Amino acid sequence: MNIQKLVLTKGSSPLFEFSTKLLSVPAVSVLQSCGMKHFPAPPTYDHVEIPERPKLRFVDKVPYYAPGIKAPKMQKKLRLMRGPEPVHNFLIHKQYGIMALGGGRLKWQHFEMMRLAIGRKIDPQRMFAVWRVDSPWQPLTRKGQGQRMGGGKGAIDHYVTPIKAGRIIVEVGGKCEYKEVEGFLRDVAMKLPFQAMAVSQEIMDKEKKEEEWREKNNQNYYTMKYVMQNNLGGCQRWMSPFDFKFLGKYL
Amino acid sequence: MALAVRGILRERFYPVVQAKRFRGKINIQRPKPLHFDRAVFTELTKPWYLNPKRLKTPIELCSKPTDKIIEDVDNPYQRIIARELRERFDQSRLIAFYHRNSMNSDQQYKAYVAFIKAKMHIKTYGKKTLEMAVKDTKFEPVLDFYVSQNVMVFSPEPDIKQLLKVTKKFPQMVLLAAIFEGKFISKDEVMELHLIPNLQTAQAALVQTLNSATTTLTQQLNSHQNTLVSNLQERVKQLEEHK
């Protein structure tokens with residue numbers, strides 16, 4: 001390497017320089033350093049209180065109605081799935097959970113899947129899980145197979161819980177680290193009928209900071225919000241009422 | 001004029017209000033592909049950011065990023081060791097610094113034993129620990145020696161003879177410098193101190209040097225008398241032998 005340098009400084013021809021570069025072997029310098037062992041103390045979770053029933057409670061398939069009351073049918077209300085979740089979008093216990101990234105509906109089967117999967121994986125002595133969604137309450141109707149149009153609204157088939165994007169579905173906490181719970185939380189999240197991810201308080205804080213940075217440092221002056229609010233290009237002609245509310249961020 | 005007014009009154013204007021409802025039934029799970037216009041708007045309003053590397057010089061880009069190196073902020077064990085080292089520095093009257101060339105473990109152990117027998121302690125510390133111990137003290141120049149494999153020998157007694165005797169047996173231990181009674185001394189100075197037998201002899205030598213002027217003067221003054229006395233004594237001896 002040193003020899004190469006000396007030769008090049010003598011003002012050699014370009015052909016020679018090229019040949020030396022061709023023959024040179026990429027050198028990788030590895031600096032080894034040795035330090036004193038440091039075993040930092042593990043994080044304490046003494047402030048976390050584990051409730052009496054650490055596992056997720058059983059959710060009913062059908063909501064309870066007083067006897068004598070006919071179960072009411074309901075409109076489809078897709079607006080309950082559209083847009084961001086304004087209320088239940090943070091972790092109460094500030095530890096770990098599953099967050100929905102898109103809108104959708106949770107059926108009783110999904111609840112059972114979550115309850116059993118999480119119940120199997122958590123250690124009830126030091127971990128607990130809580131529901132952050134209601135048990136299924138919205139009735140969905142179905143007409144019999146092969147039925148023609150008309151004849152009134154169909155009968156109630158099953159109940160669902162509508163979910164908006166950003167909602168926390170389940171929270172897991174206790175004397176545990178994110179690495180322990182991430183595995184099974186992600187598995188459960190993948191099985192849900194909408195895009196979901198396993199989150200921790202750190203992840204959510206980081207995401208919030210990054211979102212602020214992105215908003216502040218975006219070099220594109222013409223954001224969707226600006227364009228829609230100022231009717232650039234006549235876009236308000238084809239915008240839906242939801243676009244006026246969500247400004248292109250959500251469907 | 002009256003005819004014009006009547007004409008205006010006859011032409012009635014019926015405003016037409018057409019309520020337009022938006023048919024917004026979407027499938028949230030399987031969204032419809034975007035209309036071309038909306039797709040164009042989406043593409044044009046995509047955010048873009050300035051490259052963080054744009055204002056960096058080539059040397060900043062090519063050299064290793066220092067902010068990625070995670071250094072332990074505080075190691076309690078290291079602090080304890082550094083404190084112990086500091087105490088050793090303060091309590092030992094002789095501290096020798098060596099560069100250690102590669103040695104067998106057997107040789108290292110033999111060196112350790114030899115020093116223990118001479119009532120000295122051989123110690124190896126890392127640079128970081130040493131920095132923690134001696135920074136902002138009078139011993140700070142020690143950090144300049146610490147480049148490669150370094151070893152320190154602490155002795156409660158300032159016994160240079162013993163130190164050099166043991167060091168001779170292990171040629172892989174190269175003496176660099178020492179601290180003698182709280183003062184830094186180089187290797188040459190160590191050799192000089194080695195030649196001095198003990199304090200009393202050194203004091204005697206000092207006294208002799210101080211008195212050298214007067215002693216030479218008296219010697220020169222008494223030289224003739226001394227030669228006469230010595231010659232007479234010899235003569236007395238000769239005469240006694242003859243007898």
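## A phenylalanine in a strand

A strand is a DSSP run of E with at least two residues, and strands are numbered from the N terminus. Strand β4 of chain B covers residues 173-180, and B:Phe180 is found in it. The model described here is predicted.

Is B:Phe180 buried or partly exposed? Its relative accessibility is 21%, so B:Phe180 counts as partly exposed; the cut-off for buried is under 20%. Which residues does B:Phe180 touch, leaving aside neighbours within four places in sequence? The contacts are B:Arg93, B:Leu94, B:Pro158, B:Ile160, B:Ile185 and B:Leu193. B:Phe180 also shows how the chain folds back in space. B:Ala96 is 84 residues away from B:Phe180 in sequence, yet their C-alpha atoms are 8.4 Å apart.

## Helix packing in chain B

Helix α4 (residues 76-91) of chain B packs with helix α6 (residues 127-134) of chain B. Their axes are 8 Å apart, and the angle is about 60°. That angle makes α4(B) oblique to α6(B). The crossing is right-handed. On the α4(B) side, the residues that meet α6(B) include B:Ile81, B:Leu85 and B:Phe89. Among their partners in α6(B) are B:Leu130, B:Met132 and B:Val134.

A second pair is helix α7 (residues 160-169) and helix α8 (residues 187-195) of chain B. Their axes come within 9 Å and cross at roughly 115°. This crossing is left-handed. From α7(B), the contact uses B:Ile160, B:Lys161 and B:Leu164. From α8(B), it uses B:Val190, B:Met191, B:Leu193 and B:His194. Two of these names have come up already: B:Ile160 and B:Leu193 are both contacts of B:Phe180.

## Aromatic rings

How many aromatic pairs are there over all chains? The count is 17. Take A:Tyr96 and A:Tyr178: their ring centres are 5.8 Å apart and their planes sit at 40°, so the pair is tilted. A:Tyr96 lies in strand β1 (residues 96-100) of chain A, and A:Tyr178 lies in helix α4 (residues 178-191) of chain A, so the pair ties together parts that are 82 residues apart in sequence. A:Tyr96 is buried, because its relative accessibility is 6%. A:Tyr178 counts as buried too, at 18%.

Chain B has an aromatic cluster made of B:Phe89, B:Phe97, B:Phe139, B:Phe145, B:Phe154 and B:Phe184. One member, B:Phe89, also takes part in the contact between α4(B) and α6(B). Another member, B:Phe154, has B:Arg88 over its face, at 5.8 Å from the ring centre. In chain A, A:Arg132 lies over the face of A:Phe90, at 5.8 Å from the ring centre.

## Chain A as a whole

Chain A has seven helices and seven strands. From the N terminus on, its elements run α-α-β-β-α-β-β-β-β-α-β-α-α-α. Of its 251 residues, 35% are buried. Take the contacts in chain A between residues at least 6 apart in sequence: 79% join residues at least 24 apart.

## Two positive phi values

Most residues other than glycine have a negative phi. A:Lys77 has a positive phi, near 50°. A:Lys77 is found in the loop between α2 (14-23) and β1 of chain A. With a relative accessible area of 28%, A:Lys77 is partly exposed.

A:Asn231 also has a positive phi near 50°. Where is A:Asn231 found? A:Asn231 is in the loop between α6 (224-229) and α7 (241-246) of chain A. Its relative accessibility is 34%, so A:Asn231 counts as partly exposed.

How values were computed:
Residues numbered from 1 in each chain as written. Chains lettered and ligands numbered in written order. Predicted model: local features only at pLDDT ≥ 70, side-chain atom pairs only at ≥ 80, totals over all residues. Heavy atoms only, no water. Phe/Tyr/Trp six-rings, centres within 6.5 Å; stacked < 30°, edge-to-face > 60°. Helix = DSSP H or I, 4+ residues; strand = E, 2+ residues; numbered from the N terminus. Buried < 20%, exposed > 50% of the residue type's maximum accessible area, 1.4 Å probe, protein only. Lys NZ or Arg CZ within 6 Å of the ring centre and 35° of its normal. Axes fitted to C-alpha atoms, helices over the stretch in contact; angles between N-to-C directions. Parallel < 35°, antiparallel > 145°, perpendicular 65-115°, else oblique. Left-handed = near helix turned anticlockwise from the far one by under 90°. Contact = heavy atoms within 4.5 Å.
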